[in-house]
Amino acid sequence: MTIRTLIPFLAGVGAATVLAFAAGLLAEEGLLSHPVLSSAVDQLSRVGVGLALGGAYLGWLAVVLARGVKEVATSRALAAAAAAGAPRNAVPHPQQVEATVRKAFGSFTGFALINLIIGGFLVIFLGIFTLTYDEPFVSGWIVFGVGVAYLAGIGWLARSVLHTVRPAHEARREAIAAHWRTEDEQAAWDAAHETVRSSPARRPGLGALLSYAGGGLAALAFMLLHALLAVTHPDAERWPGGRAGTRATYGADVERLIDVGLWGFAICLTLAVAAALAGTLVEGAVQRREQATLQQALADPSAARPDEDLLGRHAERHAVAAAQALSGLAGAGTTVGAAILVLGSGVISDLSNLYSDAETIFADLRPVAGITLAASLAALVAAFGWNAASSGKNHELRNALLKRWPVLPEPKADSEGNVHRARRGPALHRAD
């Protein structure tokens, strides 16, 4: 459940980023009438985007570590069950098989390689810059030392994964495969294929429709943004690090259309976030109702097999929709609260003239920002606990469903469109 809680948190950070960007565009174009408000929004959007990028990086690190821990924990639990003489007809679930046959911490090793290459170049450049600086640059040496220590830690973890964690994981997979053989897995797959019946396609519910609407509004906002940038900055260099170019000026009618487009961009983004949140909450209510229906069916020995789509959704682990919404709000609140605290503290006032009045504007908001940040972190912890408790509570329901009505696993595809072999048939006998 860790990954399913962290990803909505990162989505919340991303939502706060794009909303801050939208507000920054309004301030940049002078559409916020009060000069102090315009300055505050501009500063908040700049700092918020920077903090969001840092938070996204840390979230990426947390996700890849959580995925590796899940893989190792799954193989350990299955190895212990095999050593204890678990029944051979009680084969592991395809999700467990998938985690066992994958290379342990495979996502982390890719993350570490990217960090060591890119981070190494950045640290070397910083070291040369600090060394050749005209005056003693203490802060530069501090950042250089922290960067070297961080990269050394990443490298040490990657080495431990390759030389210690992964060989032990593979040894456990071999022990598990020796206990549950290919014919045991095949028997379970055959039983599932025999009992699964076809079902009509399920029409999307209100929650899904709201989520689709949010995605459509986000796409519309994205297209509006690019159209506006093409009109207002026609000479901009459209590549990373390119110059923004000068702001083009037009007649009153065209400028009015640009203003309407900017407000439309901001409104579409706001509605997209609201629709996605509402869709998640509605989906949560549907999820609870479906679980109650399945509990009633299990209590009736003569009940017919439920709809395949319904069984499939509840025979695998799923995060609580409301907890995911709470995690997303925590991501947005953490970004905004941290940005206001940084601005109100005055620590960046000397970095640029843009932030010369930041402490004056945001000092009074520091208590509110501190409460927002603390509440957001508490909400994230609550989302973790909620998902963990729900997973434990629904464990018996999932087991009972799979025992009475075997279900084929959901054929989830990766980024390249490939479905893992553990979701298509026996897979324990061979590692990835």
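This is a predicted model: local features need pLDDT of at least 70, side-chain atom pairs count only at pLDDT 80 or more; totals for chains, interfaces and linings use all residues.
Local features need pLDDT of at least 70 and side-chain atom pairs count only at pLDDT 80 or more, while totals for chains, interfaces and linings use all residues. Residues are numbered from 1 along each chain as its sequence is written, and side-chain values use heavy atoms, with hydrogens and water left out.

A pair of aromatic rings is described by the distance of the centres and the angle of the planes. Here, rings of Phe, Tyr and Trp (its six-membered ring) pair if their centres lie within 6.5 Å; planes under 30 degrees apart are stacked, over 60 edge-to-face, and the rest tilted. The whole structure holds seven aromatic pairs. In one of them, the ring centres of Trp60 and Phe111 are 4.6 Å apart and the planes stand at 85 degrees, so the pair is edge-to-face. Trp60 belongs to helix H2 (residues 35-83) and Phe111 to helix H4 (residues 106-131), 51 residues apart; helices are DSSP runs (H or I, at least four residues) numbered from the N terminus.

Trp60 is partly exposed at 38% relative accessible area, whereas Phe111 is buried at 1%. Buried means under 20%, exposed over 50%, and partly exposed in between (1.4 Å probe, protein chains only). Phe105 and Phe108 also form an edge-to-face pair, because their planes are at 85 degrees, with centres 6.4 Å apart. Phe105 is buried at 12%, and Phe108 at 1%. Ring pairs join Tyr57, Trp60, Phe105, Phe108, Phe111 and Tyr150 into a cluster.

Beyond neighbours within four places in sequence, Ser327 is in contact (heavy atoms within 4.5 Å) with Thr5, Pro8, Phe9, Leu380 and Ala383.

Definitions and conventions
Helices (H or I, at least four residues) and strands (E, at least two) are DSSP runs, numbered from the N terminus.
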